Amino acid sequence: MNSIIPLVLILFSLAVIVVIIVRKFPQLLLLDVDSLPEIKQEKKKDDLIRKKAEQEEKKIYKQFSNLLGPFIQKLKDLQLSFRKYVGKIERKAQRFSKKKDGGDTLSGKVSKEDVNALIQDARQAFGDDDFDTAEQKYLAAIKSEPKNKEAYKGLAQVYSAQDQTKESEETYAFVLQLDPTDEESLVKLGELSEKQGKLEKAVEYYQQTLLINPHNPQRFVKIFDLLFGIGQYETALEAIQQALNIEPQNPKYLDNFVEVSIILGRKDLADDGFKQLRMINPENQKLESFRQRIDDL
């Protein structure tokens, strides 16, 4: 009997709890957690952080777009120009392939060996100053093998020999699209720019060759000559110093180094260059003049 009483009490307590929960359950269902002040404040803070992050993202995207805009447009223009160039070459190749006097090698598909033979024939024709035939042969090779770099380079040479500068530049530029490391094409573009008096542009092309082959002192000297000619003495000094780093005992390079150092008023550099030049080439007739000009600095 005594053992039943605690059990009854426990059951009675549970019954009371159940009654309370049942009565309050509708209120619990209707309770809006989001309406609590603490939750509302935290949510507001999250919204502010999110909005600020979105604004910052838009700002960065806009700055990035503005920065890349000119570059992207330049790239699009470059792609368009090359598409136009390829179309022009294809039309020329098609036109020449229909010529009866061109022979069977100017029409239809040919093998790799036949392409090489066409290029060899074109070179022979070019050597004989037969530029029309050379152009036809190169175009025939390109028609059969559209990415043949040597055919394009030969075609550019044909245009250059006939003073068709624009066509030659376009063709060498296309070679660089096929092979950005083609040093010869960069040199040719530099020479064409020189021919047109575009010396700063020529310098840019020669500088690009040094990214491919940084150990060519003659290229540095070429850049020096061009920069010296347009009065950019500071940059010219850097170019001739690079040449001397490769060939420190070259008397011609030392002569140029002393000359530009004097012009810039760099007595210390001029004096060092003079001493080296006198040691290497004591018969140099400019030594006395150099000495006087250095002393006058």
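Trainee: What should I keep in mind before we start?

Mentor: The model is predicted, so local features need pLDDT of at least 70 and side-chain atom pairs count only at pLDDT 80 or more, while totals for chains, interfaces and linings use all residues. Residues are numbered from 1 along each chain as its sequence is written, and side-chain values use heavy atoms, with hydrogens and water left out.

Trainee: Why are H12 and H13 called roughly antiparallel?

Mentor: Helix H12 (residues 267-280) and helix H13 (residues 287-295) pack at an angle of about 160 degrees, with their axes 10 Å apart. Helices are DSSP runs of H or I with at least four residues, numbered from the N terminus. Axes are lines fitted to C-alpha atoms over the stretch in contact, and angles run from 0 to 180 degrees between N-to-C directions. Angles under 35 degrees count as roughly parallel, over 145 as roughly antiparallel, 65 to 115 as roughly perpendicular and the rest as oblique. The value for this pair therefore makes H12 roughly antiparallel to H13.

Trainee: Which residues make that contact?

Mentor: Contact means heavy atoms within 4.5 Å. On the H12 side they are Lys267, Ala270, Asp271, Phe274, Leu277 and Arg278, and on the H13 side Leu287, Phe290, Arg291, Ile294 and Asp295. They divide into six nonpolar, no polar and five charged. Here Ala, Val, Leu, Ile, Met, Phe, Trp, Tyr, Cys and Pro count as nonpolar, Asp, Glu, Lys and Arg as charged, and the others, Gly among them, as polar.

Trainee: How do you know whether H3 and H5 are roughly parallel or roughly antiparallel?

Mentor: Helix H3 (residues 112-127) and helix H5 (residues 149-161) pack at an angle of about 15 degrees, and their axes are 10 Å apart. H3 and H5 are therefore roughly parallel to each other. Ile119, Arg123 and Phe126 of H3 meet Glu150, Ala151, Gln157, Val158 and Ala161 of H5. This contact has five nonpolar residues, one polar and two charged.

Trainee: Asn284 lies in the loop between H12 and H13. Is Asn284 buried or exposed?

Mentor: Buried means under 20% relative accessible area, exposed over 50%, and partly exposed in between (1.4 Å probe, protein chains only). Asn284 has a relative accessible area of 14%, so Asn284 is buried. Asn284 also touches Asp255 and Leu277, leaving aside residues up to four places away in sequence.

Trainee: What makes the link between Glu247 and Asn250 a polar contact?

Mentor: A polar contact is a pair of N or O atoms within 3.5 Å; within protein, one must be able to donate a hydrogen and the other to accept it, and residues adjacent in sequence count only if both atoms are side-chain atoms. The side chains of Glu247 and Asn250 are joined by such a contact of 2.9 Å.

Trainee: Why is Asp129 called exposed?

Mentor: Asp129 is exposed because its relative accessible area is 56%. The residue sits in the loop between H3 and helix H4 (131-144). Most residues other than glycine have a negative phi.

Conventions:
Helix = DSSP H or I, 4+ residues; strand = E, 2+ residues; numbered from the N terminus.
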